[in-house]
Amino acid sequence: MADFPNLSRRGFLNRSAAVGGLLVVPGLLSACSKTDAGSTDGEGALDKLRKQGFVRVAYANEAPYGYMEGKELKGEAPTLHREIFKALGVDELKPTLSEWDGLIPGLQAGKYDVVSAGMAITPERCANALFSDPEFISPTAMMVKKGNPKKITDLASAKAAGAVIGVMSGAVEDSYAKGAGIAGNKIKTLQKPQDGADAVKGGRIDAFLLTGISLRWLAKTNPETEVTDAFVPELDGVQQFSPGGAVFRKGNEDLRDSFNRELKKITADKSRYVGLLTEYGFGATEIPPATLKTADLCKG
């Protein structure tokens with residue numbers, strides 16, 4: 001199972017992570033034949049997957065998004081993708097482990113058909129690959145001591161309580177806290193999520209600020225803590241959703257569109273979505289709003 005520091009490479013925690021690792025190797029895109037994209041022989045990519053009976057998916061071994069437990073591929077993305085591809089007539093996911101920086105280059109090179117890793121949707125990535133509709137959003141939450149002694153529910157209440165807030169080094173949550181008016185001397189920087197949990201338990205901070213998804217997963221191994229209800233922070237009046245999705249090779253628009261039709265059936269059904277993903281710390285607060293469109297996210 002993946003360690004939590006890897007979450008910093010997902011693109012949620014800093015802008016450079018959203019850009020890093022996506023440089024296209026010269027000639028790489030042209031090396032992918034149109035046949036790979038399912039567009040030259042009259043047979044679509046989905047038809048090919050149905051005939052072979054499996055879809056090749058790449059994962060980065062990052063819990064709770066996509067990771068291997070024993071011989072089983074688990075996590076948010078594989079769980080959703082397995083359900084969707086079964087509905088499309090493809091019964092098996094064949095996993096390939098990739099370093100985070102190699103996910104999109106490997107997709108471009110035809111090593112696999114889909115990135116199944118909960119990748120954040122950013123304009124930089126959209127330039128090199130096709131994204132599905134958002135599978136989830138990543139609202140923010142706070143980890144506090146059991147019982148929530150300062151009764152913190154969001155950044156406004158944390159400010160009012162004079163709470164000391166912990167954030168990860170280089171993380172976007174630092175800007176959320178400052179944007180909410182929390183003074184710099186009330187913000188403590190930590191290197192990794194477990195450091196945040198330890199600081200909460202030790203009383204060095206009153207709350208640790210991160211995505212609700214990551215904190216709920218972290219709380220499983222830190223029972224002295226609890227996680228507040230998630231909320232969507234704002235920066236300069238703009239809500240910060242941090243959405244993620246599946247990634248397809250350019251030229252596979254038909255496959256992406258078929259995937260999106262089945263994904264919409266799941267995200268439109270709250271009980272089904274939560275039932276599938278609650279094991280991984282995803283709940284109703286992670287369901288993407290119907291108004292949140294990948295086309296808009298790709299524009300920035």
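**Entry 1**

I started with Thr-140, which counts as buried because its relative accessibility is 2% (buried means under 20% relative accessible area, exposed over 50%, partly exposed in between, with a 1.4 Å probe and protein chains only). Before going on, I noted that this is a predicted model, where local features need pLDDT of at least 70 and side-chain atom pairs count only at pLDDT 80 or more, while totals for chains, interfaces and linings use all residues. I also noted that residues are numbered from 1 along each chain as its sequence is written, and that side-chain values use heavy atoms, with hydrogens and water left out.

Thr-140 sits in strand S7 (helices, H or I with at least four residues, and strands, E with at least two, are DSSP runs numbered from the N terminus). I looked up what Thr-140 touches, leaving aside neighbours within four places in sequence: among them are Tyr-176, Leu-209, Leu-210, Asp-229 and Phe-231 (contact means heavy atoms within 4.5 Å).

The rest of S7 is mostly covered too, with five of its six residues buried. Then I checked its partners. S7 runs antiparallel to S10, and four bridges join them (two strands pair if DSSP finds at least two bridges between them). On that side Met-143 stands opposite Phe-208. S7 also pairs with S11 in the antiparallel sense, over three bridges, and there Val-144 faces Glu-226.

**Entry 1: Val-227**

I moved on to S11, residues 225-227, which is where Val-227 is placed. Buried or partly exposed, I wondered about Val-227? It counts as partly exposed, because its relative accessibility is 21%.

Not counting residues up to four places away in sequence, Val-227 touches Ala-141, Met-142, Met-143, Leu-215, Arg-216 and Ala-219. I took the spacing to one of these: Val-227 and Leu-215 are 12 residues apart in sequence and 6.6 Å apart in space, C-alpha to C-alpha.

**Entry 2: helix H9**

Next I looked at H9, residues 193-201, where Pro-193, Gly-196, Ala-197, Ala-199 and Val-200 are buried. They are on the same side of H9, because they cover an arc of only 160 degrees around the axis (the arc is that of the directions from the helix axis to the C-beta atoms). I jotted down a reminder that an α-helix has 3.6 residues a turn, so residues three or four places apart point the same way.

What covers this buried set? The cover includes S7 (140-145), strand S8 (165-168), strand S9 (187-190), S10 (207-211), helix H10 (212-219) and S11. Just after H9, Gly-203 takes a positive phi of about 75 degrees.

**Entry 3: helix H3**

Just after H3, Gly-53 has a positive phi of about 85 degrees.

**Entry 4: the S1 sheet**

I followed S1 into its sheet. Five strands form an open sheet in the order S4-S1-S5-S14-S6, with mixed pairing. The edges are S4 (92-97) and S6 (130-131), each pairing on one side only. S1 and S5 (residues 114-120) run parallel and are joined by two bridges; Ala-58 has Val-115 in S5 as its bridge partner.

Most residues other than glycine have a negative phi, and most peptide bonds are trans. I went looking for exceptions. The peptide bond from Ala-63 to Pro-64 is cis, with omega near 5 degrees. Pro-64 lies in the loop between S1 (54-59) and S2 (67-69).

Asn-61 is found in the loop between S1 and S2, and its phi is positive, about 60 degrees, although it is not a glycine. Asn-61 is partly exposed, because its relative accessible area is 22%. Ser-242 also isn't a glycine, yet has a positive phi of about 50 degrees. Its place is the loop between S13 (238-239) and S14 (244-248). At 19% relative accessibility, Ser-242 counts as buried.
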